[in-house]
Amino acid sequence: MGDYHYHHFLSSMAGVGGQPNQSPLEGPPQMSHQPQVLAMGGHGPPMPNPYQSLGYFTGFPEPIMFNAPKSQRSRRKSAPGLDHIKHRRTRSGCFTCRSRRVKCDETHPICERCRKGKRECLYPEPAPPKGSGGSTSKESSTAPSQQASPTSSRGDDDDDDDRDSKLEPIMDEDEEEPQSATSTTAPMFPLRRSSTTSSFGLQRVPTGYRYDSETPSFDGNKSSSPLSTGTATAQSHRPDWTFLPHELQFYLGYFYDNITHYHYGLISDAGDFFRTTLVGLALRNEALLYAIVAFSAYHHALHNPHGRINEFLQYYNHSVKNLLECLKRKEKYSIATLLTILQLATIEEYLGDWVNLMGHQKAALEIFTQLFTPQTIMQSQTGRAALTWYGRFDLFVAIMGSFETTLPREWYLEAATYHDSCAAAEPDSVFWKFEVCSAKMQLISMKMAMLYARRVKEEVTAEDFAAEHQRLSRCLDDWKNGWDPALVDPSHLVTDFSGSRAPDPNDIVNPFTSGALFQPPLFPSTVLTASYHSMSLLHDSQSGIRPTGEAKDKLREHAYKIYQIFEAVEFWSHSPPGGLIALQSALAVAALYVQRDPRHQMWIRRKFVLLEAMGYIFPATMRVRMAELFADDTCTRWWLPNDEGFPPLLQNIRAYADERNAMAATTQRDTVQQIRHVFSRMNIREAARKAAEN
């Protein structure tokens with residue numbers, strides 16, 4: 001990877017200079033009715049930036065945390081009315097007391113507080129003598145050398161004393177514990193700025209947790225048999241994060257209890273990767289830890305009536321800061337670095353920031369090719385999950401923009417071959433059947449993207465394009481018709497919608513028709529079916545042939561199947577968390593084919609409101625395209641009249657996301673040019689004409 005280029009990409013991801021007109025965290029910004037489309041090729045002046053005081057986010061050359069300068073801190077702690085007790089912070093106490101921010105008596109081998117509280121007592125390793133040999137930076141073995149020494153100080157004693165003095169007190173052994181990490185209310189404790197590694201003991205492999213039967217091989221050399229790694233019923237082992245500060249425990253608990261692979265747009269999740277393996281790796285890598293916590297804090301804020309985005313911004317900032325430090329040290333790339341970048345890319349997707357997402361994608365690609373080959377990446381659960389995760393970004397951008405995929409064909413072919421072998425080894429495993437379907441869909445999608453790219457580059461004749469287009473249409477239909485019967489078992493169709501919300505009287509579909517929704521463990525069939533219909537719409541729109549009456553009916557049928565699936569998932573009371581997020585791309589494609597009357601258009605606009613309320617922000621350029629379709633310019637600001645369903649928190653997030661996009665227009669021109677193609681391929685006028693014709 002060009003560390004220099006990626007470093008500067010990270011350092012310029014958002015914001016412009018100037019003074020904020022209000023506190024960015026206290027209330028909604030003053031939003032313009034003109035969308036921020038500079039990053040996507042639009043027009044209009046940039047909005048006032050309400051986030052200009054947030055350090056890293058405003059393009060400072062070096063990321064900083066959300067703390068005032070030392071001189072200001074000194075003034076604050078001596079201000080009248082503050083009940084400040086100054087003390088010296090121990091540098092040699094046990095990790096448990098230090099993470100709980102209480103005084104440790106340093107009794108070895110178990111201090112008195114840990115003994116009374118029956119807590120695990122772990123002391124830092126003695127610092128090596130000066131001049132001793134350097135340590136490795138291999139993250140696959142936890143890499144303590146990548147982090148600060150547990151006994152080192154990031155600042156002078158006064159700074160640490162000041163930070164500690166502002167922290168909420170930690171209950172001792174004879175008092176009640178703070179609120180549970182799985183509480184649904186916002187945590188009432190301030191954040192701290194200390195080195196998490198030195199204070200939280202992140203280099204320690206947590207106890208009470210082990211990976212599943214296939215511990216990921218970070219160097220890509222471990223092989224594993226399909227029979228030993230692929231069972232769908234692998235037990236989940238919740239990682240032990242009790243040694244972390246309570247605010248981090250809270251958000252990891254929220255992540256574990258509320259976030260699923262559907263929030264990442266993925267069909268299935270081998271061995272509960274996201275909740276167990278990914279979190280387990282994060283406990284040993286600070287950048288990844290804070291990226292996951294940021295993602296969790298983002299979702300928590302959206303589901304909290306009093307939620308604000310400051311927690312999310314601070315954690316996100318800390319993740320990028322640590323990733324930058326890693327790049328500066330030119331450490332050897334690791335799977336944790338790759339997963340950090342993919343998690344940051346997922347956050348960019350939620351913010352509708354596809355420009356910065358593609359910047360992360362470029363960095364992830366180079367790590368992929370350095371760590372793995374198409375063969376070795378399939379030999380560990382972590383490698384396979386990373387490939388599926390990256391592949392989703394790769395294929396979406398390629399198909400929507402008529403680009404070639406960044407990963408060559410052999411990567412997707414190897415994945416399909418591997419999963420075929422696993423399904424053959426475990427013929428009764430529904431899990432492997434889903435993996436086979438998903439891998440083959442990715443392979444077909446890759447071939448489609450390659451064909452579209454060849455046409456754009458004029459590397460194929462019109463006749464050859466038409467022939468290959470028809471062949472891929474047959475491949476797509478054969479793929480859907482060739483599903484194993486176990487994946488469409490009618491006994492798993494949802495027929496009972498009792499307890500679900502009543503449908504809207506202005507509905508354009510009947511969500512309660514049997515056949516639209518499968519219950520677990522076959523819920524992935526629901527998502528795959530929607531993917532089939534959306535891919536059919538995308539592919540047919542690329543044919544270049546004026547559709548016949550029969551073809552138009554087929555297009556409408558695909559679109560309305562997606563509408564029905566989306567609303568069935570929305571109204572069914574037992575839908576898995578994130579299920580609607582997994583359907584958002586299919587709905588966005590189907591929206592191009594909605595009928596041009598107020599009832600149908602308002603229905604689709606309300607679905608966009610629902611998705612944005614879940615945190616999935618649609619890019620400004622997509623909003624402009626949809627405003628063209630709806631013939632209503634107000635959609636560029638918000639989907640519904642009079643800001644209905646547009647609370648202050650969502651306005652803040654929208655303003656922040658649009659500001660990042662505007663900044664990207666001046667710092668990442670090459671990527672901006674590429675992303676314009678992605679959304680310009682949403683052929684609004686042609687789609688609207690097709691939808692309007694009877």
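Aspartate 643 is partly exposed, with 27% relative accessible area. In this predicted model, aspartate 643 sits in the loop that runs between helix 22 (620–630) and helix 23 (648–667). Its phi is near 60°, which is a positive value in a residue other than glycine. Most residues other than glycine have a negative phi. Glutamate 106 is placed in the loop between helix 3 (95–100) and helix 4 (112–117).

Another backbone feature is found at a pair of prolines. Proline 520 and proline 521 are joined by a cis peptide bond, with omega at about 10°. Most peptide bonds are trans. Proline 521 belongs to the loop between helix 17 (462–481) and helix 18 (523–541).

The axes of helix 17 and helix 18 cross at roughly 170° and come within 11 Å. An angle over 145 degrees counts as roughly antiparallel, and helix 17 and helix 18 are therefore roughly antiparallel to each other. On the helix 17 side, the contact is made by His469, Leu472, Ser473, Leu476, Asp477, Trp479 and Lys480. Their partners in helix 18 are Leu528, Thr529, Tyr532, Met535, Ser536, His539 and Asp540. Sorted by type, the residues of this contact between helix 17 and helix 18 are six nonpolar, five polar and three charged.

A second helix pair can be read in the same way. Two packed helices are described by the angle between their axes and the distance between the axes. For helix 15 (residues 409–425) and helix 16 (residues 430–456), the angle is about 160° and the axes are 9 Å apart. That angle makes helix 15 roughly antiparallel to helix 16. The crossing of helix 15 past helix 16 is left-handed. Helix 15 contributes Arg409, Tyr412, Leu413, Ala415, Ala416, Tyr418, His419, Asp420, Cys422 and Ala423 to the contact. Helix 16 meets them with Trp432, Glu435, Val436, Ala439, Lys440, Gln442, Leu443, Met446 and Lys447. The contact of helix 15 with helix 16 involves twelve nonpolar, two polar and five charged residues.

Next come the aromatic rings. The structure holds 32 aromatic pairs. One of them is formed by tyrosine 290 and tyrosine 315, whose ring centres are 5.9 Å apart and whose planes are at 35°, a tilted arrangement. Tyrosine 290 lies in helix 10 (residues 286–302) and tyrosine 315 in helix 11 (residues 310–328), so this pair ties together parts that are 25 residues apart in sequence. Tyrosine 290 counts as buried at 4% relative accessibility, and tyrosine 315 is buried with a relative accessible area of 3%.

Tyrosine 298 and phenylalanine 312 have ring centres 5.1 Å apart and planes at 55°, so this pair is tilted. Tyrosine 298 is in helix 10 and phenylalanine 312 in helix 11, so the pair ties together parts 14 residues apart in sequence. Tyrosine 298 counts as buried at 4% relative accessibility. Phenylalanine 312 counts as buried at 3%.

Histidine 600 is a further side chain to look at. It is found in helix 21 (residues 598–613). Histidine 600 is buried, with a relative accessible area of 8%. Leaving aside neighbours within four places in sequence, histidine 600 is in contact with Ile508, Tyr560, Val594 and Gln595.

The view can now be widened to the chain. The secondary structure of the protein chain comes to 25 helices and zero strands. The chain has 694 residues, of which 58% count as buried. Among contacts in the chain with a separation of 6 or more, 77% are between residues 24 or more positions apart.

Conventions. Residues numbered from 1 in each chain as written. Predicted model: local features only at pLDDT ≥ 70, side-chain atom pairs only at ≥ 80, totals over all residues. Heavy atoms only, no water. Axes fitted to C-alpha atoms, helices over the stretch in contact; angles between N-to-C directions. Helix = DSSP H or I, 4+ residues; strand = E, 2+ residues; numbered from the N terminus. Parallel < 35°, antiparallel > 145°, perpendicular 65-115°, else oblique. Left-handed = near helix turned anticlockwise from the far one by under 90°. Contact = heavy atoms within 4.5 Å. Nonpolar A, V, L, I, M, F, W, Y, C, P; charged D, E, K, R; others polar. Phe/Tyr/Trp six-rings, centres within 6.5 Å; stacked < 30°, edge-to-face > 60°. Buried < 20%, exposed > 50% of the residue type's maximum accessible area, 1.4 Å probe, protein only.
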